[in-house]
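Work through the exercises below with the sequence and the coordinates open. Try each task before reading its solution.

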Amino acid sequence: MSVMHYLIVSSLLFSLGALGVLLRRNAIIVFMCVELMLNAANLAFVAFSRFHNDAAGAMMVFFVMCVAAAEAVVGLAIIIAMFRNKQTVNLSEFNLFKW
Amino acid sequence: MESLLPLIILLPFFGALIIGVGGLAFPAIRQQEKAIGTVATLLVFIPFFILLNLFINYKEPIRFSILSWMQIGAFSLEFSYVLDQLSLLMGLIVTGVGGIIHLYSIGYMHGDKGFYKYFAYLNLFIFAMNNLVMADNLLVTFLGWEGVGACSYFLIGFWYKDMMKAKAAQKAFVVNRIGDFAFIVAMLIAYHVAGSLKYEALVGNITGHWAFWMTLLLFIAATGKSAQIPLYVWLPDAMAGPTPVSALIHAATMVTAGIYLIARMSWVYIQVPEVLMIIGAVSALTALLAASIAIAQNDIKKVLAYSTVSQLGYMFMGLGAGAFAAAIFHLMTHAFFKACLFLGSGSVIHAMEHTHAVKDPQDIRTMGGLRKYLPSTSITFWIATLAIAGIPPLAGFFSKDEILSRNFFAGHTYAIYYVYWLIGVLTAFLTAFYMTRLSTLTFEGKPRFNAEEHPPHESPAVMTIPLWILAIFSIIGGFFGLPELFGHGKYNWITHHWLSIEENPLLATQEDFLKEALHPSLGMEIFLITLSIVIALLGVFLALRLYKKHALQGDELLAKRLGKFYNVLQNKYYVDELYERIIVKPFVAFSEKVLDWIDRNIVDGVVDGTGESVQGFAELLRRLQTGIIQNYALLIWLGVILLLAQFLFMA
């Protein structure tokens, strides 16, 4: 298996995540799609790390995972706050910035 | 000495700054009249003594620069100055007479609420005037030109709570603007043709019709600042300011700026005889017109104001005949005796105010017999009167005679100058007449006010000492320029020493203008001088006979003799009314009808239209703000795709 196969999987995952962020209305699912995009990037990182025999890429993945964990905490807290406000997490309902 | 040069320019400026800002910030300072007056006076006298030292040890022009203003490509502009003989002489007059008038003002302005403000303006004026006469390029001269105009405006309207005085200040400012516009256009021409604004670079580089238009425009600028037809109307009204201001700004210095400017550009002017003849015609008419008006005025300062206009006309007549040095000579002697006259009139007004017996302390009809009460003032006033009337050997005789005879000589080449000369002689007679009338009605005869109850008293020494200094210079000032008759001009310091360097002359001479050497015969010179003396004596004698005997009835006798014309004179030829009718009224009507409509409909329409179209466009754009976060994310995503596409396919 060459690095190419990993990259194809990675880009598929990333596109899925991006589509989910743009199209889905449920805030939790949008949030999970963001995680999916992050992990697609992680996959590309480790693939290149292995390919180049360089640990730097693998190290980067740890940083991304740390940030993703922190983001999960904050993000879920925000979603809970949103739910408390409106009794829903449907993003179409949240349009306070509308003209 | 080198390091002292910037002080000449900067000291008066610092004075204005310290006194003005200090007085504004700390009201307690305003009461310190003695300190303010001393500081202001010293900051004018120190530059005077530096200049005097430079003048006595003069060898070659001294150049210095204070500040580099801007540098745009090849065009550089500096606050740079040149002290050559002309600017040194002008600087001496400005700071010398200016310093004396500062001293006088300490007494005159005593007790005025705006004491500190007055001296701040006065110092600022000296700063601006020094810039004007010492700059080595047209633009810094123009800055000084505008600076003195602004100070003139501040000081005419010094008692601005009186609406009349505020309006007089406005009039002076607006009328001067017309001339200033011509100045700007002349500068543009100079830069367009010669590529520089330095005086040295202009000489010889402006020729043909450019020279004609530039010199004519500069003369128009001079008619504004130096009060010639058609822009002289502001000067008589400018007498609304404090009297020392009239002496300094509206008689001795600022109004002579136009003469200085033309003398500075003399080498350009002699290339265009047409313009010099125009100058001669305009100035001769101005001199005659103003002198005839002065005969029928009753306000002591108005008479002096018209006299100033008339004497400025004389100076321009000198310029017009190509006798630039003679014009500067008359400028100098005029600064002495006219400043003396104005300061004397200030002393008279001061005394009349304190008698509390008259309604208008400036009206000579309510004066008379003041000689008994104001000995110093009356003697110095009489000396200056005889000097301006042209009685030898006082200062005015020599300078006026020089200008008249130069006009006569120029008649050999261009016959028109004989006409100017004739007008000049007639004006000399009128000058002697109206000045003697003024002095006689003011100081001689019996008092026409209640002198017993509140006898007027002489001004304090701080005011009479300046009078005496100026009176002494009114006596000896003329000996600096003895006519050719004595030793073939060997003793004419003005033309042969002060204003000439043999190898590189600063001022063009009349020979340069007429392109032929003049050798007037001895008989001709004696004839001209005798005529001047006879004319002056005749004027003085007639006025004395008329007014000494009849006092105020003299005016009635004169009016009977002149008939309706006397009324015309009293109303100043209705020039103000004429301007009001043909310029001001149509202009106001035009503004109210046409410009008002344009402003409301076209200008406002454009402005409102701009606002409304922006608003309409924004109304469309705001639809983009859906408030749904995923729409924004989509736009970001599209943006990223576009950027990536550009990196991939365009690079």
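Helices (H or I, at least four residues) and strands (E, at least two) are DSSP runs, numbered from the N terminus. The model is predicted: local features need pLDDT of at least 70, side-chain atom pairs count only at pLDDT 80 or more, and totals for chains, interfaces and linings use all residues. Residues are numbered from 1 along each chain as its sequence is written, chains are lettered from A and ligands numbered from 1 in the order in which they are written, and side-chain values use heavy atoms, with hydrogens and water left out.

**Exercise 1. Find the salt-bridge partner of Lys548(B).**

Step 1. The criterion is a side-chain nitrogen of Lys or Arg within 4 Å of a carboxyl oxygen of Asp or Glu.
Step 2. Glu444(B) is the partner, with the closest N and O atoms 3.6 Å apart.
Step 3. This pair links distant parts of the chain, 104 residues apart: Lys548(B) is in helix α23 (residues 522–550) of chain B, and Glu444(B) is in the loop between α19 (416–443) and α20 (461–476) of chain B.
Step 4. Glu444(B) is at 7% relative accessibility, so it counts as buried.

**Exercise 2. Contrast the bridges Asp84(B)–Arg264(B) and Arg177(B)–Asp180(B).**

Step 1. The total over all chains is 15 salt bridges.
Step 2. Asp84(B) and Arg264(B) meet at 2.7 Å, N to O. They link distant parts of the chain, 180 residues apart: Asp84(B) is in the loop between β2 and α4 (85–108) of chain B, Arg264(B) in helix α12 (residues 257–264) of chain B.
Step 3. Asp84(B) is buried at 4% relative accessible area. Arg264(B) is buried at 9%.
Step 4. Arg177(B) and Asp180(B) meet at 2.5 Å, N to O. Both lie in helix α7 (residues 163–194) of chain B, three residues apart, about one turn of the helix.
Step 5. Arg177(B) is partly exposed at 30%, whereas Asp180(B) is buried at 4%.

**Exercise 3. Describe the pairing of β1(B) and β2(B).**

Step 1. Strands pair if DSSP finds at least two bridges between them.
Step 2. Strand β1 (residues 62–72) of chain B and strand β2 (residues 75–83) of chain B run antiparallel, joined by nine bridges. Leu67(B) stands opposite Phe79(B) in β2(B).
Step 3. Two residues separate the strands of this hairpin, and Gly73(B) takes a positive phi near 60°.

**Exercise 4. Which residues have the most contacts inside the largest nonpolar core?**

Step 1. A nonpolar core is a set of buried Ala, Val, Leu, Ile, Met, Phe, Trp, Tyr and Cys residues joined through side-chain atoms within 4.5 Å.
Step 2. The largest core has 215 residues, and Leu83(B) and Tyr269(B) have the most contacts inside it. Helix α16 (residues 324–355) of chain B gives the largest share, 20 residues.
Step 3. A second, separate core has 11 residues, including Ala27(A) and Met82(A).

Note on methods. Buried means under 20% relative accessible area, exposed over 50%, partly exposed in between (1.4 Å probe, protein chains only).
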